[in-house]
Amino acid sequence: MAVGVSLVVAFLEAFHFVSCETCIRNIGGAVYITRESSLSFPSGLVAYCIILFSWQRILSLRGRSAMVFLDKLCIDQQNEARKERGILGLAGFLEISDELVILWSPSYFGRLWCTYELASWLRFSQLKDITVIPIHLAPVLLCIALSMWGTLLCYIEALTIAYSVAGSHTVELAGLFLGSLCITVGAILPTHISRHLAKSLGSLPQQLEHFSIREAKSFCCSHKHVHPETQKHLPCDRRLIFDMLEQWQYHFSDSRREYASSLDSFDFHVRQKLKPWILRNVGGAEAPFSLLLATTCVPFFCWTISYIPAMIELGGVPAFRLGLEAALYSIVFAPCVPKIILEISAAGVDCEDLGRCDLLYTLLKSTAFVGLTSLIWAGIHLPLTIPEHVGWQLASAAGLVALIIAIVRRPNCRFPRT
């Protein structure tokens, strides 16, 4: 939606329905003074914010909103009788669900009701129907997305000032410098948050290796079966869940462990079958490609759409070369940004202290991120300025496309394969 809005605004400016700003373009060694959309990017940003915060409400007006059962919200937390009926019906809700989404936190596998929900799902469903998302991944990706919007907005404004005060021979260097400066500032907060996401994921292998449902905590047992506010007696959830698992023993039994109890069978199932699958699909640098697209490709598309008036005005080879640069920024550079941030945040030795050393590690990893992205940025932009030879730009484009495929499809190395 945001890209569509930017596209409409850019074409309105290209065909003189809305006024455009002039800019300097160095294409193939020749300097062009042409037009550039000034409203496509901010209009895309406004549309993006509306969609981000109101999309479910918009879908509900058409009767198409997604149906989600979220136990914390869908089970009455105030009325004890209704709460008990909701808890006892968890298995029924899961049985008619299409997919189980686990919002993982470091305490997930140590909570009794979470493990019960997992056992209920694993009775009938396959592992491929489970999606495990670290709960802290959402703020990381949101921070990256908003940071990229802000970075590009600052870059556009700074470049506009540079065009007005610099000559045509220095504007390209000014653009590279301003781009590096803006992305350096914009990368600090996402890198810092991503580092703490990677730290929390460091406990996941040990949790799965030593998983035991007998050691999982429950609210009732933690408070000695007395409600801390009402002082009423709380029935033991542990006994209820263990009785249910006894009835489900067949679903978790293994021919090599014929005489194991239902609890041991479930522990074995989690350690031997669920653990390898989770460690292959979750990690400090792992995020679905669709999320990477929504994180940074949308801001870059809305930015590069501003090239459309210049491409229509120039035509021919200059327009092709400018369009190729815009495409590379959107489909090569943009997905690399969150992927590299997550990779660098999860890589290497990190610091456990939350003092000055913690900030130092963030700055060092931000510097490494800026260095890598600057190389990719230069690989996209500099071939555009090589006189006459379109082949250099095409060769560079092919190499960069291969690079993004290798980076995005790179297997997760946060955890060892088992």
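Modeller: Ala, Val, Leu, Ile, Met, Phe, Trp, Tyr, Cys and Pro count as nonpolar, Asp, Glu, Lys and Arg as charged, and the others, Gly among them, as polar. On that scheme, the lining of the second largest pocket divides into 19 nonpolar residues, three polar and no charged. Note too that this is a predicted model.

Now the space itself. The second largest pocket has a volume of about 820 Å³. Its lining is made by 22 residues. Tyr 48, Leu 52, Leu 291, Ala 294 and Thr 295 are the closest to the centre of the second largest pocket.

An unreviewed UniProt entry places the feature "transmembrane region" at several spans, including residues 39–55, 130–153 and 289–308. The record also places a "signal peptide" at residues 1–20, again in an unreviewed entry. In the model, residues 1–20 are 65% helix and 0% strand. The end C-alpha atoms of that span lie 22 Å apart.

The lining of the largest pocket holds 27 nonpolar residues, eight polar and 12 charged. Elements that supply at least two residues each to the largest pocket include α3 (71–74), α5 (90–95), β3 (100–104) and α11 (237–247). α4 gives the most, with five residues.

Glu 36 lies in strand β2 (residues 30–36). Glu 36 counts as buried because its relative accessibility is 17%, and the cut-off is under 20%. Cys 20 is 16 residues away along the chain, yet the C-alpha atoms of Glu 36 and Cys 20 are separated by 5.9 Å. Beyond its sequence neighbours within four places, Glu 36 is in contact with Cys 20, Glu 21, Cys 23, Arg 25, Ser 306, Tyr 307 and Pro 309.

Glu 325 sits in helix α16 (residues 316–346). Its relative accessibility is 2%, so Glu 325 counts as buried.

Two further annotated transmembrane spans in the UniProt entry are residues 328–347 and 359–378. Residues 328–347 are 95% helix and 0% strand, with end C-alpha atoms 27 Å apart. Residues 359–378 are 100% helix and 0% strand, and their end C-alpha atoms are 28 Å apart.

Last, the whole protein. There are 18 helices and four strands. Of the 418 residues, 46% are buried. Among contacts between residues at least 6 apart in sequence, 75% join residues at least 24 apart. The protein exposes about 21900 Å², and carbon and sulfur atoms supply 63% of that area.

Technical notes: Residues are numbered from 1 along each chain as its sequence is written. This is a predicted model: local features need pLDDT of at least 70, side-chain atom pairs count only at pLDDT 80 or more; totals for chains, interfaces and linings use all residues. Side-chain values use heavy atoms; hydrogens and water are left out. On a 1 Å grid over the protein atoms alone, a cavity is a set of points where a 1.4 Å probe fits but cannot get out, and a pocket is an open set with protein on both sides within 12 Å along at least five of seven lines; lining residues have an atom within 4 Å of a point. Grid points are joined across faces, edges and corners, and a volume is the space filled by probe spheres set on the points. UniProt positions are given in the numbering used here, feature names are shortened, and annotations may be inferred rather than shown by experiment. Buried means under 20% relative accessible area, exposed over 50%, partly exposed in between (1.4 Å probe, protein chains only). Contact means heavy atoms within 4.5 Å. Accessible areas come from the Shrake-Rupley method with a 1.4 Å probe; for residues, only the protein chains shown count as cover.
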